[in-house]
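Me: Can you walk me through this one? I'd like to start with the surface.

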Amino acid sequence: MSEMDKIRYGPVIRVRRSLYGRLLKVVGDYAARYGVRITYSDVIEALLSSVPNVVEVVHEYLKRKHASEEHKS
């Protein structure tokens with residue numbers, strides 16, 4: 001069984017369409033630039049491993065998001 005086969009049998013995660021579009025663009029841009037296919041898991045893992053404190057980053061993102069939504073109301 002290849003590495004790609006193993007990935008296909010993992011859990012399913014739901015993402016917003018806009019986020020899916022962004023992931024798709026990153027995967028496509030990477031393939032175009034480096035000539036190598038990658039997975040969404042590769043993108044997510046790279047992003048998560050590049051941040052020292054993921055929980056704090058998520059917390060700050062959600063605070064900004066909620067503040068922006070309140071400002072629009």
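Me: Which residues form the nonpolar patch on the surface?
Reply: This is a predicted model. In it, Ile13, Val15, Leu19, Tyr20, Leu24, Tyr40, Ile44 and Leu48 form the patch. Together they have about 680 Å² of accessible area.

Me: Which helices each supply at least two residues of the patch?
Reply: α2 and α3 (40-49) do.

Me: What follows α2?
Reply: Glycine 35 does. Its phi is positive, near 70 degrees.

Me: New topic. How many salt bridges does the count come to?
Reply: The count comes to 2. In one of them, lysine 25 meets aspartate 29, with N to O at 2.9 Å. Side chains of opposite charge can pair when their charged atoms come close.

Me: How many residues apart are those two in the helix?
Reply: Aspartate 29 and lysine 25 are 4 residues apart in helix α2, so about one helical turn separates them. An α-helix has 3.6 residues a turn, so residues three or four places apart point the same way.

Me: Are they buried or exposed?
Reply: Lysine 25 is exposed, at 54% relative accessible area. Aspartate 29 is partly exposed, at 42%.

Me: And which residue does lysine 63 bridge to?
Reply: Lysine 63 pairs with glutamate 60, and their closest N and O atoms are 3.3 Å apart. They sit 3 residues apart in helix α4 (residues 54-72), about one helical turn. Lysine 63 is partly exposed at 44%. Glutamate 60 is partly exposed too, at 29%.

Me: What about rings? How many aromatic pairs does a search of the whole structure find?
Reply: The search finds 2 aromatic pairs. One of them joins tyrosine 30 and tyrosine 34, with ring centres 4.7 Å apart.

Me: Why is that pair tilted?
Reply: The planes of the two rings are at 40 degrees, so the pair is tilted. Stacked would need under 30 degrees, and edge-to-face over 60.

Me: Where do those tyrosines lie?
Reply: Both are in helix α2, 4 residues apart, about one turn of the helix. Tyrosine 30 is partly exposed, at 33% relative accessibility.

Conventions:
Residues numbered from 1 in each chain as written. Predicted model: local features only at pLDDT ≥ 70, side-chain atom pairs only at ≥ 80, totals over all residues. Heavy atoms only, no water. Salt bridge = Lys/Arg side-chain N within 4 Å of Asp/Glu carboxyl O. Buried < 20%, exposed > 50% of the residue type's maximum accessible area, 1.4 Å probe, protein only. Phe/Tyr/Trp six-rings, centres within 6.5 Å; stacked < 30°, edge-to-face > 60°. Patch = residues over 30% accessible without salt bridge, like charges linked within 9 Å, V, L, I, M, F, W, Y side chains within 5 Å. Areas by Shrake-Rupley, 256 points an atom, 1.4 Å probe, with all protein chains shown as cover.
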